[in-house]
Amino acid sequence: MNSMNDSGVAPGLASGQTSHTHRLRGLAVTGFIAALAAMVATTLAAALAQAVGVDFEVPDGGEAIPLPGFVVVTGIFSVVGIVIAVALLRWSARPAERFVWTAASLTAISLVAPLPSGANTATTTALLGLHLVAATVMIPTLARSLRTSPSTM
């Protein structure tokens, strides 16, 4: 009787799953590091804008946006970007390209929000710039991470 050796099949599957898990984990870690960098960059840019006289006062709420608000909002939307990148890595044949298109489109849409806020020109301009600061950190970092190795799916 000829016995089958399945050891070649099982390690191949396990190896593929391990590689895929490692890649997802690497993307998540890279994304969270980029999110921290984006939060720092955005907050520093906002602090610099305040130092030169931008008040970040939005008439709709009547209050100025505090610096910690920039940290929180940048962190939340950076995590959304990471989730999108992970989903595209999992389910797309071309995750990097699709991520860049998706993230660029969402960034463009986000630029609309400050315009009708009723804030003064300096605040509106600074808010638009801060959206771009965060996008400049997150999009290339996640896209590069999505391109680092061929998809294992």
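**A walk through the model**

Modeller: Let me start with Thr107, which counts as buried because its relative accessibility is 16%, where buried means under 20% relative accessible area, exposed over 50% and partly exposed in between, with a 1.4 Å probe and protein chains only. This is a predicted model, in which local features need pLDDT of at least 70 and side-chain atom pairs count only at pLDDT 80 or more, while totals for chains, interfaces and linings use all residues. Residues are numbered from 1 along each chain as its sequence is written, and side-chain values use heavy atoms, with hydrogens and water left out.

Colleague: Where does Thr107 lie, and what is Thr107 in contact with, leaving aside neighbours within four places in sequence?

Modeller: Thr107 lies in helix 3 (helices are DSSP runs of H or I, at least four residues, numbered from the N terminus). Leaving aside neighbours within four places in sequence, Thr107 is in contact, meaning heavy atoms within 4.5 Å, with Leu132, Ala135 and Ile139.

Colleague: Where is the kink in helix 4 centred?

Modeller: The kink in helix 4 is centred on Ala135 and is about 25°, the bend at a residue being the angle between axes fitted to the seven residues ending there and the seven starting there. Helix 4 covers residues 121-147, and its end C-alpha atoms are 39 Å apart, which agrees with the 39 Å that its 27 residues should span at 1.5 Å a residue, taking the expected span as 1.5 Å times one less than the number of residues.

Colleague: Which element gives the most to the largest nonpolar core?

Modeller: That core has 18 residues, of which Leu27, Ala85, Phe99, Met138, Leu142 and Leu146 touch the most other members; a nonpolar core is a set of buried Ala, Val, Leu, Ile, Met, Phe, Trp, Tyr and Cys residues joined through side-chain atoms within 4.5 Å. Helix 4 gives the most to this core, with seven residues. Beyond its neighbours within four places in sequence, Leu142 is in contact with Leu27, Gly31, Gly81, Ile82, Ala85 and Phe99.

Colleague: Switching topic, where is confidence lowest, and where is it highest?

Modeller: Among the helices, helix 1 (residues 9-51) is lowest, at a mean of 86, and helix 3 (residues 95-110) is highest, at 98, on the pLDDT scale, the predictor's confidence in each residue from 0 to 100. Over residues 3-13 the pLDDT is below 50, and this stretch has one contact in the model beyond near neighbours in sequence.

Key
Helices (H or I, at least four residues) and strands (E, at least two) are DSSP runs, numbered from the N terminus.
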